[in-house]
Amino acid sequence: MTEPAKLPKFDQKAPVDFVVIGAGGAGGVVAKELSAAGFQVVVLEQGPYIRPEEFVHDELRFRNAYISPQIGREVLTNDHSLQPNTFRHNENEKAVPQAAVVYGKCMGGGTVHFTGNYWRFHEIDFIERSRWGPISGTGFADWPITYADLEPYYTKAEWELGISGLAGASPFDPPRSKPYPVPPVRVKSSGVLLERGARKLGLHPFPAPLAVLSKPYNGRNACQHCGFCEWFGCEWGAKSSSLASVIPMAEATGRCEIRPHSYVRRISTDKRGRVDGVIYFDSLRREQFQKTKAVVLCANGAETPRLLLMSESNLFPHGLANSSGVVGKYFMMDLAAVTQGTFEHPLNDYKSVEVTRIVHDFYDSDPKRGFFGGGGIDARFDYYPISFALAALPPGTPTWGKDFKRAIERNFNRTMMVLCHTTALPIETNSITLDPKVKDAWGEPAIRLTYQYHPDDAKNLNWFKDRALELLDAAGATQKWALPIDSPTIGVHLLGTCRMGNDPKTSVVDKFHRAHDVPNLFIVDGSSFVTSGRNQPTCTIQALAYRAADHIARAAKAGEIPNAT
Amino acid sequence: MTTSPGSRRQFLKGTTSGLTTAWFALHWPAVLEAHEHARVAAADSQGNFEFFSSAQAGEIEAMAAQIIPTDNSPGAHEAGVIYFIDRALMTFDRDRQPVYRDGFALLKSHATEMFPGSTAFSQLNADQQTQLLTAIERTEFFETVRVHTIIGFLANPVHGGNRNEIGWKLIGFESRPSFKPPFGYYDAEEQS
């Protein structure tokens, strides 16, 4: 482990160079890049600083947030009992209190507990509107950047964070300037079965690029195949989270001060409309004010627009950086078709990483299908003993008694999932707004999510569900089933709410993530997405963060970030 | 009999039987506290309950033994699920105490009604117990006991249940800090 450098303690009244809000996939990268470039950085993270040695194999402590949405307090993710959400399908419905957004809330954010699927976007992801034309009822648009603009930063992310994979293994992969730094993690039985099924169907399965080290790298351990991966933190430091990779590098510069338990409630601006500081609650709920020359907002696709809306003022009556009215709009979330199958022999898929093989043959949309949509497919086992017994048995299985007992005995080792991650179209009315009534434990307005998927999203999900069932069949499943497809009411990948664009009237940030309206405010996280990709966004979020940080550092050195005076 | 929802999203909404599995409304400090509590109580884990009276514990234990029965392999009884539930109700799941308090009355009234002359659920024979539980399986009480039983059977033993890893052994789950490949039958096949 890196020996902690002398950690700075910055004066709140003297402006630091940057305040970074949020220490997740994006914030960790930005904090590291800016501090390494010589700037003073204060990172405000609302969650705790949990150290790797505190991660233990205890499902009851680190519960599977997927199966516990009515959650009280979570360890690694947001706590809906303190920070409630409300949900409605459309603007005519009354929003009801329920868990609607789930995100990582600790140092490292969602990268601490994520699966680690680390898919680059393909070239098509940036230009789909040009390729397919407009889609009714959507804000379908091209990105203002291309794959080529981002490629060097994908490479940088893979090499600095430590990504395992096999370059050239997929015929669908976009061009890359460098191979992966470490080889793929060893295949599991679910990967073998997906591969067999896919080959039988004439498809091209390949080793999953994964944010988990297959070999020691940069002084970090290789994966020990313990199995407590998704929804858990890695006590070995083998998962390439921000916590295990860039945050220690940021601290090692001696110029980055991390303040956990710091919950930002307002970005403050001066009378010329420039950011001059950040108001936040500390761990004792005392209000603090940190002066700064600039802010990089990396709070995720739900909290970022919420904070901007909460930062309204006379100069910014509709929320900070929201002259376009687009802040919070075009929310996209993780759409997934989930299928499961059982096999004759034990897979023991609870061991090791989540995913070892994927299929990208259906990544691109195809007009022959009659709708817009694409996706990627992986094989995995999302369960731990308790969540398996409560939620993963085949439909029709008794939920108690001797047949239930036989079913958990028989199936736990013999079950796998084929999961399809699909496109979600950007729709203006799908949004994050401030709930007019419900408040959080600090008295601040709750997140209100309005969401209904597009008819093409539904058709696409159903189409993928059928492909996944075919794959299970071809792999030799003894039993297979799909979970019903419906418009989701809870999301874990939070995208699109401060979309990037060249036109200040229709977008929130420019192509370098600077807010169109505020020259010393940058916004870098899932909110920047213009389209959803194939809903495995972390790789692209972090590549964008490297690119943004590079630009921000250059602009600051060139004196091109005007600040409050 | 209630069957599996077959839907992760349905489960997300807590609709296994139309009821919220509000067991999940626990929290971190409370679980830590429960953990500590379990450790302290470990030395004194035979027959001393904090929430239940011994008669109440007998009733819940009889229910748990129907939910995960003992047959050719150990079940909820051998796994000490009742101790897990007792501790849960005194620590991170205090909010569920009323469900149990009301539940004892429900159990009694159903027993009296369905099997006149009976004195307690635990005194019924196995068939009668199954009949009664089937009659109440859509109640919040049954659902709570069911979820608690499953958790107590499969949670890390530090929480007081899953004694000797009985639950884990049944399903074939090994708890280890690391594994070496091959992991399963099919990747072993590939390797050979």
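**Exercise 1. Two helices in chain B**

At roughly what angle do the axes of helix α3 (residues 54–67) of chain B and α6(B) cross, and within what distance do they come? Work it out on this predicted model, then name the arrangement.

*Solution.* 
Step 1: The axes of α3(B) and α6(B) cross at roughly 90° and come within 10 Å.
Step 2: Angles from 65 to 115 degrees count as roughly perpendicular.
Step 3: So α3(B) and α6(B) are roughly perpendicular to each other.
Step 4: Now look for the residues that touch. On the α3(B) side you'll find B:Ala62, B:Met63 and B:Gln66, and they meet B:Gln129, B:Thr130 and B:Leu133 in α6(B).

**Exercise 2. Another partner for α6(B)**

Find how helix α5 (residues 97–114) of chain B packs against helix α6 (residues 126–136) of chain B.

*Solution.* 
Step 1: The angle between α5(B) and α6(B) is about 120°, and their axes are 11 Å apart.
Step 2: That makes the pair α5(B) and α6(B) oblique, because the roughly perpendicular range is 65 to 115 and the roughly antiparallel label is for angles over 145.
Step 3: As for handedness, α5(B) and α6(B) cross in the right-handed sense.
Step 4: The meeting residues are B:Leu106, B:His110, B:Ala111 and B:Met114 from α5(B), with B:Gln131, B:Leu132, B:Ala135 and B:Ile136 from α6(B).

**Exercise 3. Chain B as a whole**

How many helices and how many strands does the secondary structure of chain B come to?

*Solution.* 
Step 1: Walk along from the N terminus and you read α-α-α-α-α-α-α-α-α.
Step 2: That's nine helices and zero strands.
Step 3: For burial, take the 192 residues of chain B: 44% of them are buried.
Step 4: For contacts, start with those in chain B between residues at least 6 apart in sequence; 65% of these join residues at least 24 apart.

**Exercise 4. A parallel sheet in chain A**

*Solution.* 
Step 1: Zoom in on one pair. Strand β2 (residues 41–44) of chain A runs parallel to β6(A), with four bridges between them; A:Val41 has A:Cys256 of β6(A) as its bridge partner.

**Exercise 5. An antiparallel sheet in chain A**

Which strands form the three-stranded open sheet of chain A, and in what order?

*Solution.* 
Step 1: The order is β7-β8-β9, with antiparallel pairing.
Step 2: β7 (263–269) and β9 (287–291) of chain A each have a single partner strand, so one side of each is left without a neighbour in the sheet.
Step 3: From one strand to the next, the twist averages 25°.
Step 4: Between strand β8 (residues 275–281) of chain A and β9(A) there are five bridges. In β9(A), A:Gln288 is the bridge partner of A:Tyr280.

**Exercise 6. A helix and its cover**

Check the span of helix α10 (residues 455–475) of chain A against the expected one, then look at what covers its buried residues.

*Solution.* 
Step 1: α10(A) has 21 residues and reaches 30 Å from its first C-alpha to its last, close to the 30 Å expected at 1.5 Å a residue.
Step 2: Its buried residues include A:Trp463, A:Phe464, A:Leu471 and A:Leu472.
Step 3: Among the elements covering the buried residues are α5 (189–200), β11 (335–342) and β17 (479–482) of chain A.
Step 4: Just after α10(A) comes A:Gly476, with a positive phi of about 95°.

**Exercise 7. A loop residue**

Is A:Val518 buried or exposed?

*Solution.* 
Step 1: A:Val518 sits in the loop between β17 and β18 (521–523) of chain A.
Step 2: A residue is buried if 20 or more other C-beta atoms lie within 10 Å of its own. A:Val518 has 25, so it is buried.
Step 3: Beyond its neighbours within four places in sequence, A:Val518 is in contact with A:Gly273, A:Arg274, A:Val275, A:Leu320 and A:Ala321.
Step 4: A:Val518 and A:Ala321 are 197 residues apart in sequence, but 6.2 Å apart in space, C-alpha to C-alpha.

Notes: Residues are numbered from 1 along each chain as its sequence is written. Chains are lettered from A and ligands numbered from 1 in the order in which they are written. This is a predicted model: local features need pLDDT of at least 70, side-chain atom pairs count only at pLDDT 80 or more; totals for chains, interfaces and linings use all residues. Two strands pair if DSSP finds at least two bridges between them. The expected span of a helix is 1.5 Å times one less than its number of residues. A residue is buried if 20 or more other C-beta atoms lie within 10 Å of its own, exposed if 12 or fewer, and partly exposed in between; C-beta atoms are placed from the backbone. Two residues are in contact if their C-beta atoms, placed from the backbone, lie within 7 Å. Axes are lines fitted to C-alpha atoms, for helices over the stretch in contact, and angles run from 0 to 180 degrees between N-to-C directions. Angles under 35 degrees count as roughly parallel, over 145 as roughly antiparallel, 65 to 115 as roughly perpendicular and the rest as oblique. A crossing is left-handed if the near helix is turned anticlockwise from the far one by less than a right angle, and right-handed if clockwise.
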